[in-house]
Amino acid sequence: MPDKNALLNFLNLAADYLKTGHLAEGPLVEEQGLPLAYLIEEDENPEKGEDSLQAIAEEVADCRACPLCETRTLAVPGEGPERPLVMVIGEGPGADEDKAGRPFVGKAGQLLDRMLQSITLSREKNCFIANMVKCRPPGNRDPAQGEIEACFPFLRRQILLLKPMLILCAGRVSARSLLNTEQGINALRGQFIDLKIADSETGEEITIPVLPSYHPSALLRDESLKRPAWEDLKMLKSRLISLESLSLIEE
């Protein structure tokens, strides 16, 4: 019954946005059935190497590698804890993000926060949120291939620093770009695909399962996508529990 209630709330969520532009207060589901690690505070003194999220953010703010720097208000490097369970990767900042310098803060971003909250994730505790490109494409168009390539070194460094257990790709642009495929989001979603990513300087390579799913803005436009998006979230939650349980056994 709790799962059915959570699904009902989730399926009504985008409809509420379309009608009012606002979200109801309160969590979608109770925090239950998840490992304690999901509620652990961020380590105040995490170990750091020569690179850091702060250093990347400063470089992003000064970056002039592609034409997007000419039209941006603020660069949007990403935000979240330094030891996340999940990294969410979207396509690029929109108008609200360009003004705030923060990822996913508009209506779609607020919906994303509620979606993550429904499986006990948040950008404050255990989820880092970023985009394929760090500056807003004019008119909210898709990022060009050259823009994605110019920005990818920043994203690669973030992934290697964060080492999340899982990556959630929000939308077709991030899924196709990160996984280097021409397949559409309908073919990619609903399954985990291993991403192998290497440090261009040290050669260090890590493998992270990636779950492609629909961008929150797509859910606001098309109600038929809400149910499969909810199924994707349940897959993400189940995989996290499995991985976290395995890590506890190994320890």
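Reader: Which residues lie nearest the centre of the second largest pocket?

Author: This is a predicted model. The second largest pocket has a volume of about 400 Å³. Its lining counts 14 residues. Nearest the centre lie Asp 51, Arg 157, Leu 160, Asp 199 and Thr 202.

Reader: How many residues of that lining are charged?

Author: The lining of the second largest pocket holds three nonpolar residues and three polar ones. The charged residues number eight.

Reader: Which elements give two or more residues to the lining of the largest pocket?

Author: The largest pocket has a volume of about 590 Å³. It is lined by 32 residues, with Glu 91, Ala 108, His 215, Ser 217 and Arg 221 nearest its centre. They divide into 12 nonpolar, 12 polar and eight charged. The elements giving two or more are α3 (95-100), α4 (107-117), α6 (172-179), α7 (185-188) and α8 (216-221).

Reader: Which strands are the edge strands of the open sheet?

Author: The sheet has five strands in the order β2-β1-β3-β5-β4, with mixed pairing. An edge strand pairs on one side only. That applies to β2 (127-131) and β4 (193-198).

Reader: What is the bridge partner of Ile 89 in β3?

Author: Strand β1 covers residues 86-90 and strand β3 covers residues 166-170. The two pair in the parallel sense over four bridges. In β3, the partner of Ile 89 is Cys 169.

Reader: What angle does the direction of α6 make with that of β3?

Author: α6 packs on the sheet. It touches β1, β3, β4 and β5 (205-213). Its direction and that of β3 make an angle of about 130 degrees.

Notes:
Residues are numbered from 1 along each chain as its sequence is written. This is a predicted model: local features need pLDDT of at least 70, side-chain atom pairs count only at pLDDT 80 or more; totals for chains, interfaces and linings use all residues. Side-chain values use heavy atoms; hydrogens and water are left out. On a 1 Å grid over the protein atoms alone, a cavity is a set of points where a 1.4 Å probe fits but cannot get out, and a pocket is an open set with protein on both sides within 12 Å along at least five of seven lines; lining residues have an atom within 4 Å of a point. Grid points are joined across faces, edges and corners, and a volume is the space filled by probe spheres set on the points. Ala, Val, Leu, Ile, Met, Phe, Trp, Tyr, Cys and Pro count as nonpolar, Asp, Glu, Lys and Arg as charged, and the others, Gly among them, as polar. Two strands pair if DSSP finds at least two bridges between them. Contact means heavy atoms within 4.5 Å. Axes are lines fitted to C-alpha atoms, for helices over the stretch in contact, and angles run from 0 to 180 degrees between N-to-C directions.
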